[in-house]
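Thank you all for coming; I would like to take you slowly through one model this morning. Please have the sequence and the picture open while I talk.

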Amino acid sequence: MELKDLIKPENLVYGKSRLLEEEIMHYCPGCSHGVVHKILAELIEEMGLQEKTIGIAPVGCAVFAYNYIDIDWQEAAHGRAPAVATGISRLMPDKFVFSYQGDGDLASIGTAEIMHACNRGENILVIFINNGIYGMTGGQMAPTTLEGMVTATTPTGRDVARNGYPLKITNLIAQLPGTSYVTRQAVHTAASARKCKRSIKKAIQNVLDKKGTSFVEVVSTCSSGWKMTPVASNKWMEENMIAYYPLGDLKDSVKGENVLEN
Amino acid sequence: MTEEMIIAGFGGQGVLSMGKILAYSGIMEDKEVTWFPSYGPEMRGGTANVTVILSDSRISSPIVQEFDTAIILNQQSMDKFESAVKPGGILLYDPNGVLTPPTRNDINIFKVEGTKTAIEMGNPKVFNMIVFGSYLKVRPILSLDNVEKGLEKSLPKRYHKLIPLNLEAIKKGRKLSGFALTKAIMNGEDLDQDQLISTVDREKNLNISYKSKPKLQEIDKFYITEDPIEEEKWSKIP
Amino acid sequence: MGEIRLMKGNEVLGEAAIRCGCDGYFGYPITPQSEVMETLMQRAPWNETGMVVLQAESEVASINMVYGAAGTGKKAMTSSSSPGISLMAEGISYIAGAELPCLIINVQRGGPGLGTIQPSQADYFQAVKGGGHGDYKLIVLAPASVQEMNDFVDLAFNLAFKYRNPAMILTDGALGQMMEKVELADQKPRWTDEEIKKISGDWATTGKPTSRKKNVITSLEMDSNVMEAKNRRFQEKYKLIEKQETRYELIQCDDAEYILVAFGTSARVCQKSVEIARAKGLKVGLLRPITLFPFPNAVIKELAHKAKGFLSVEMSAGQMIEDIKLAVYEAGSNARVNYFGRMGGIIPTPGEVVDALENKFYGS
Ligand SMILES: Cc1ncc(C[n+]2csc(CCOP(=O)(O)OP(=O)(O)O)c2C)c(N)n1
Ligand code: SF4
C-alpha cells in the first residue's frame, strides 16, 4: 500500500482545527500556550462561533496569538485587555469576546483592569495563562512566581519580604459577584487538556448565555523561563505550581457553588 | 589599528561569548572596544550575530557595512555576511555548518575544522574557541596572556575551572594551518607542505593579491595540519 | 583611575546608579532595558549601600513610586522603554509640576504602539517637548557611548537636584545592549539625613519637626493667578537651564561646509560618515547635541553663518530637524536644513548618511 492510499478521509484519526492557521508557532517547545490555542480554535469551530468571536491578544508571549487562530482579534496594550474587551462587548453584546492574558499582563500591570471588568460582570471569557514568570521579556519575576523561585529579577529566589507573596488572583476573582464561573485547569497531560477543554467550553457557553464573566486559569509551563526541559517543566509544575495553585472549579454560580476553599 | 569584525552563527554556538572574550582581551591590550549584538526574541535555533570592534582610538559607528573579518558558523550567516567582507579582508568558517562554501576571490578565506577538532578533543562545545584560536593566528592582534586574562574576565567565576580547556582549544585552533593551504589554492599555486609553512611564517600581514581565480572545489581536500610555529612566539606578538 | 570593565549600556546604568549613591529604583520589565533592573537585583545594593530596588506592578506604579520617593529628598529613579514611558507620562507631568528631582531613563525602541524592540529615537518629541500634559520641560541627556551612559547617571541626578527638576537619560536599545569598555566611578555614599536636610530640607517631606513649617508636595493650585505665576517661574527656570547647562560636541566643524547633526547612536554612525566624507574630499563636520533639552541653539546659530547646510540624521521620521530649522531661522541664515533617517528599529549605516549628504547637498 502506498502513502496516497492511506491519506483518505475514512482513515482520518486526528485533524487539526480548521481555525488553526498554517503558521509555525513561535512558542518554545513544550510551551502551554500552543495547547490552549489549539483548544480555543477547536471549541470556536465546534461551537460554530467563528463569526461571533473577537479575541483580545495580550502583551506577552501570546502577543502573536492573532497569527494562529482564524478569527477577529484586537491586540491590547500591556494589561489592558479586559478594558478593551469591555469596550467591544458593550458595543456588541451579542458577540463572544474573550481576552487571553499572561500572569504579568493580568495579575501585575493589569490588576485594576481585570478586577474591575470582573466586578462589573462583563460578559466575556478570560483565559489566564499562569506560568509564574514573564516569558516574553526573558524570565523576570511575575506576581505568581512561587516563593524561592529563581528568575532574572529574583536571582536568589523570590523573597516574600521583598516581593510579597505569590498572588492567587483567581481566588480573589472568584469572590467577585460579577463572575459566574471561575476555574483553574492545566494542559500538561492529555487528560488534563481534555478536562481543560470541557471547562473552557462551559465558560464559553456561560458567555453565550450572558451569565457574566467566566474566568479560566491555566496553570502552565515556561520551559525557557524556568530553564528546564519541557519534560522536567511538566514535572516541576505538578510538584510545585499545582501544589500552590490547586486545580478545580473555584466557583460555579450557575450551579450555585463556591467549590474550593483555598 | 582598527579591526571591525562580525561573528555569526546559531544562537547557542557561543557566538556572543566568543565576541565577549575577544572584547575583554582587547581591553587587556588597552584597546577601545565595542561589542554590539543582534538582539531580540531570536527564535530557538535562530541566528545570532555580534559585531566586535577593537581599536587604538575612539570607536565611531557600531553599525558596520564592510567588515575586516567575518567568522561564520552556519549557512544562513554565510549567505548573509560573505558579501559584507571588505575586499582583502578575512573570512573564517567552520565547514560543519556550511554546505555551500564561500566563493569570493577578493578576500582571504580560511576553513577551520573547529567542530571536527573539538570532537577529536572530546569536547564538541569548545569548537568556537578553536575557531577563535585560528582567528588569532590569522589576525595576530592579541597576545596569549591577554586572551587568558580576557577569558578570566569574561567567564563567571564558577566557570573558571574551564579556562584551561578553553585555552587548550584556542591553542589548538592556532595550529590549524588550513588557512595557508587555502591561501595557496587561492593563489592558484601547487605548493608542497614545506613551502606552505614558510608562507605562514612570512605572512604576518595578510594583504595578498591573487594571481588567478581560486580553485575552491579543491578546498575540501585539505584538513588540519599541525603548524610548527612555536607557541612561545605567540606571547611575543604585540 | 576607576575600575575598568566591559559592560552593556543597560548594566552600566544600574551599576552607575548604585555607585552615585542612588536611594531607590522602581521599575517594570520591558525589552530592551530589562537588564537595568536585573543588574540591580543581581548586585543587591540594599546589602551594601542601602539602596532600595523594587519591581513594581506596572510603569504607572513605578513612576508614582518615584514621585513618592523623590518627595523625601532622596535620589529616586526609574527606567523603561518607549511604551512604558508613555504610560508614565501622567506621573512625569506631576513630578515636573511638583518640582521633584528624579531620574527617568528611556531606552527607546521603535514605535508607535507596541512597535518593535529594536532601537529608535522616535521619542525625541516626547522627551523634549512634553509627553505629559502642561507646560513643563525635562532636562534631557543623550549619551552616545557606554561610558557616557555611566557618566550621565550622576550628572543627571546633579542637574535634577540643582534645578529641582526631573531629568531624563534618552538612549536607545543599541546603546543599552552594546558592550563597551567603561571606567566606573568610585562608590559614593548615599546622602545622610543631615545632608538631605541641608539640600532639600525646605521642601522634602521627611516628617515635620516643630522647627519648620510643614512641607507639602503638590502640583495642584486652584487659584489661576497663582498657577500662572508658578508657570512663569517654571519658564524662568527652564531659561536658566538653557543658559547654563547646554552641552554638545563638535567634530571637524571648523572648516565644514555641511554639518551633520545627530545624537546618541546616530551620532556614532555619523562620526564614521564624517570620516568617509572627508576621505572623499567633502568638507563635512558633526554637531552632537549632548543635552536635547536644553538644545544647543546658540551653536547652531553660530554655525549657520559659516556652513552652507545641516543634515539632521535621526532614527525617527525627522523630529530634531524642527529644532535645527528654528535655530537657523532665528539666525537669519540661508543655510539649508535637510533630514535623513531610518525608522522602525533600523539604524542608518554610515554609507547611507554619506549618500544622503551627497544627494541633498552636492547634487550628485
Ligand atoms: C507598558 C509596557 N510595559 C512593559 C512591557 C514589556 N513586556 C512585554 S511582555 C511582558 C510580560 C509578559 O509576561 P506574562 O504576561 O506573564 O506573559 P508570558 O510572556 O509569560 O506568556 C512585559 C513586561 C510592554 N510591552 N509594555
Ligand atoms: S518563553 Fe515561556 S511562555 Fe514564552 S513561548 Fe517560551 S515557554 Fe512559552
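I will begin with how to read the model, then turn to the ligands, then to some helix pairs, and finish with a few backbone details.

This is a predicted model, in which local features need pLDDT of at least 70 and side-chain atom pairs count only at pLDDT 80 or more, while totals for chains, interfaces and linings use all residues. Residues are numbered from 1 along each chain as its sequence is written, chains are lettered from A and ligands numbered from 1 in the order in which they are written, and side-chain values use heavy atoms, with hydrogens and water left out.

Let us start with the ligands. Where does ligand 1 lie? Ligand 1 sits between chains A and C, and it is surrounded by 22 residues, of which the closest are H33(A), C61(A), D103(A), G135(A) and E59(C); a residue counts as near a molecule if one of its heavy atoms lies within 4 Å of it. Polar contacts, meaning pairs of N or O atoms within 3.5 Å, also involve the backbone here: a backbone N or O atom of D105(A) lies 2.9 Å from an oxygen atom of ligand 1, a backbone N or O atom of G135(A) lies 2.9 Å from an oxygen atom of ligand 1, and for M136(A) the corresponding distance is 3.0 Å.

Around ligand 2 we find residues of chain A, including Y27(A), C28(A), C31(A), H33(A) and C61(A). By class, this shell has five nonpolar, five polar and no charged residues, where Ala, Val, Leu, Ile, Met, Phe, Trp, Tyr, Cys and Pro count as nonpolar, Asp, Glu, Lys and Arg as charged, and the others, Gly among them, as polar.

Now to the helices, which are DSSP runs of H or I with at least four residues, just as strands are runs of E with at least two, both numbered from the N terminus. In chain C, helix α1 (residues 9-19) and helix α7 (residues 146-163) pack at an angle of about 25 degrees, with their axes 8 Å apart; axes are lines fitted to C-alpha atoms, for helices over the stretch in contact, and angles run from 0 to 180 degrees between N-to-C directions. Angles under 35 degrees count as roughly parallel, over 145 as roughly antiparallel, 65 to 115 as roughly perpendicular and the rest as oblique, and α1(C) and α7(C) are therefore roughly parallel to each other.

Finally, the backbone of chain C. Which residues does a cis peptide bond join, with omega about 0 degrees? One such bond joins G111(C) and P112(C), and P112(C) lies in the loop between β5 (102-108) and α6 (124-129). The peptide bond from F293(C) to P294(C) is also cis, with omega near 0 degrees. E99(C), although it is not a glycine, has a positive phi of about 55 degrees.

Conventions. A polar contact is a pair of N or O atoms within 3.5 Å; within protein, one must be able to donate a hydrogen and the other to accept it, and residues adjacent in sequence count only if both atoms are side-chain atoms.
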